[in-house]
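Subject: Structure for you to look at

Hello,

Here is the structure I promised to pass on. My notes on it follow below.

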Amino acid sequence: MEKFKIKFYPAGKAIEVPKDANLLSSAISAGVYINASCGGDGVCGKCRVIVRKGKVNTQPTGMISSEEMNKNIYLACLTTVQSDLEVEVPRESTIGLEGLTPEDIHSRFKGFYSASEKIDSSLSELAKRKFVFKPQVIKKYLELEEPTITNPSSDLERLTKHLRSIPDFYPDKKGPIIPSGLVNIRQLSGLLRSSGWKITVVIGEKDDTWELLFVEPGDTAIKNYGFCFDIGTTTISGQLVDLNSEKILGTKITYNKQVVFGSDVITRIIYAGKKEGLEKLHLAVIDCIDQIIKELCQEHNISINDVTCITCAGNTTMIHLLLCIDPTFIRKEPYVATSNFMPAIRASEVGIRINHRGYLNCIPGVSSYVGGDITAGVLACGLNLLEKPSLLIDIGTNGEIVLGNREFLISCSASAGPAFEGSGLKCGMRASRGAIQKVGISKDGIVSFETIDSDAPRGICGSGYIDAIAQMLKAGLLDKDGKIKDAKYERVRNSEFGKEFVLVFKEDSGIKKDIVITEVDIDNIKRSKAAIYSAAETLLKHVDLSFDQISRIFIAGGFGTNINIESAIRIGLLPDLETKKFIFVGNTSLAGARYAIFSREARDEAGEIARKMAYFELSVDPKYMDEYMAALFFPHTDLNKFPSAKD
């Protein structure tokens, strides 16, 4: 088979591939992460590359102009290799996964994705959740009596009998302590005698049963660590915790490497059905988790062998891909998951590198589109304990909403699309360095803005679009239906996609191109905001409630931490209520996972929440489409619902 060498710039990485290999797949294999939010279907136009040298075949597409073709600019997903190549990947085509240092990660997510201390402070003021500290895995130092001729009980019997004799020992009568298997029994006799009968036992709770995981010589009880993770569609957040002291030792956030296979869960489910697709998606998320574990352990001088437990929260699709379970039927009617309650397993079964006997536990979900991340969110903010009805809204590609209090919980999921992640928009980008996140526009058309990390502007993230559209409405530059008005300002001009508004001219941008908002972009945002608002309103009407009867609205997730409430109300994303009713709660998925790893009480409550929560399928309610159509205006067709937007 004829093979060719590809060299990617500026990464400097090279790979050898067979003739007719797909250029996007080749880049991924080489560790070059190109933005392909559509999963390689050639419809998002994000994977532009420049072929400096060599021959390729490419499929024609409206995403690439003839002028770009003349400059050897192609979509990597529609291009195949025909010779040795030198390929340049422009900065705007990358998703920045390679070479992320701890400083880069902190800077990149500063002010957008909540750090652990922000999560803790917001939740402590909100619900002050306190659970009895009983972690899933414990270590206990023991000094056993040596056997004698008058007390010749077996080594294993002697060990388990000693454990049961400890009055305040954590594994109570809820389940028996059982041996962990032949591997421990084989080494037990030698280990007991070589350690002088002074040992540390490691015991874990698994499906209401206590298991003797392993035995170590001497006193190692102080070395017991765990990790909790939020497995998000776009980002993965991880925390290293001390299972003895209940302390958070470190937090890291990185992009989910699955983004190279698609920006949303539906695209990834489709990709999982391709040859080796499921395995690639699985390995991508495991690689992210292993990297976070490795870096945090190195920073805190902790042996990976002393990590005994992991708890993960994520949407149903992400958990299926984490465990390498086929997610096909999640997207096919009647939308059924393989399981919403995953049993605790060995982390090593899925390739996560901690102690080979350590546990991996997943927070239970509710349905195919309301997963363990939402269960963890309810647990973290205490929605299930409140007296008055409240809402939890997780704004993202899938807008999950929970309505309830201590009497009831009901949830729904609206397909908002990836617009709030910056995908599918001409100058959209994720919330990384250089993304415009705040915008001001005066009546005279003067624009001011802020970018993440104060870097030169490279594009616009979700919160930036919300601000920009709200400001355009306020300045009279935009109609209710999302059409840009004719204006004398040079920032308003015609394009092939209708009118567009120039937010940043190329001489002031970090990509040497104009950063614009098109009418097509505005239409995408309009559909996304309509999906979320109408879902919340339909859910309320389903139980004969209105927004005025809601006590609190919790805004969860990374996206919510930087959203301007007034702007979100002006465009009709959030209901027109007093701003004090809106509470940012940060990454409640990660917070809920942390509660669960520290406390059996929290794990039990998470299970109760998932079992109690009803799921309301919006697609079967004809009222939802009526509400959705009514919300396809800024802010809404019924301005009485948005009195503050009448000015």
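Contact here means heavy atoms within 4.5 Å. Please keep in mind that this is a predicted model.

Helix α15

With contact defined that way, the buried residues of α15 pack against β10 (198–206), β11 (209–217), β17 (359–362), α10 (372–381), β20 (409–415) and α14 (588–598). Those buried residues are Arg600, Ala602, Arg603, Glu605, Ala606, Gly607, Ile609 and Ala610. At the N-terminal end, α15 is capped by Ser599, which has a side-chain oxygen 3.1 Å from the backbone nitrogen of Glu601.

In soluble globular proteins, nonpolar side chains tend to be buried together. The largest nonpolar core in this model has 72 residues, and the members that touch the most others are Ile395, Phe501, Leu503, Ile571, Leu573 and Leu574. Helix α12 (residues 519–542) gives this core its largest share, 10 residues. A second core of 69 residues is separate, and includes Leu23, Cys47, Ile73 and Ile345.

What does Leu573 contact, leaving aside its neighbours within four places in sequence? The residues are Ile395, Phe420, Ile466, Lys529, Ile532, Tyr533, Ile563 and Ala568.

Backbone points to check by eye

Two peptide bonds are cis. One runs from Tyr9 to Pro10, with omega near 5°; Pro10 is in the loop between β1 (3–9) and β2 (13–18). A cis bond also joins Phe634 and Pro635, with omega about -10°, and Pro635 sits in the segment after α16 (622–630).

Positive phi values turn up in residues other than glycine. Cys324 has phi near 60° and belongs to the loop between α9 (316–322) and β16 (345–346). Its relative accessible area is 28%, so Cys324 is partly exposed. Asp544, also not a glycine, has a positive phi of about 60°; its place is the loop between α12 and β27 (553–556). Asp544 counts as exposed because its relative accessibility is 68%, the cut-off being over 50%.

Two single residues

Is Ser93 buried or exposed? Ser93 counts as buried, because its relative accessibility is 2% and the limit for buried is under 20%. Ser93 is in the loop between β7 (85–88) and α3 (102–109). A polar atom of the Ser93 side chain lies 2.7 Å from the backbone oxygen of Arg48. Not counting residues up to four places away in sequence, Ser93 touches Tyr33, Ile34, Asn35, Lys46, Cys47 and Arg48.

Lys247 is in strand β14 (residues 247–255) and is exposed, with a relative accessible area of 52%. Beyond residues up to four places away in sequence, Lys247 touches Leu240, Val241, Asp242 and Phe598. How far apart in space are Lys247 and Ile597, C-alpha to C-alpha? The distance is 12 Å, although the two are 350 residues apart in sequence.

Regards

Technical notes:
Residues are numbered from 1 along each chain as its sequence is written. This is a predicted model: local features need pLDDT of at least 70, side-chain atom pairs count only at pLDDT 80 or more; totals for chains, interfaces and linings use all residues. Side-chain values use heavy atoms; hydrogens and water are left out. A nonpolar core is a set of buried Ala, Val, Leu, Ile, Met, Phe, Trp, Tyr and Cys residues joined through side-chain atoms within 4.5 Å. Buried means under 20% relative accessible area, exposed over 50%, partly exposed in between (1.4 Å probe, protein chains only). Helices (H or I, at least four residues) and strands (E, at least two) are DSSP runs, numbered from the N terminus. A polar contact is a pair of N or O atoms within 3.5 Å; within protein, one must be able to donate a hydrogen and the other to accept it, and residues adjacent in sequence count only if both atoms are side-chain atoms.
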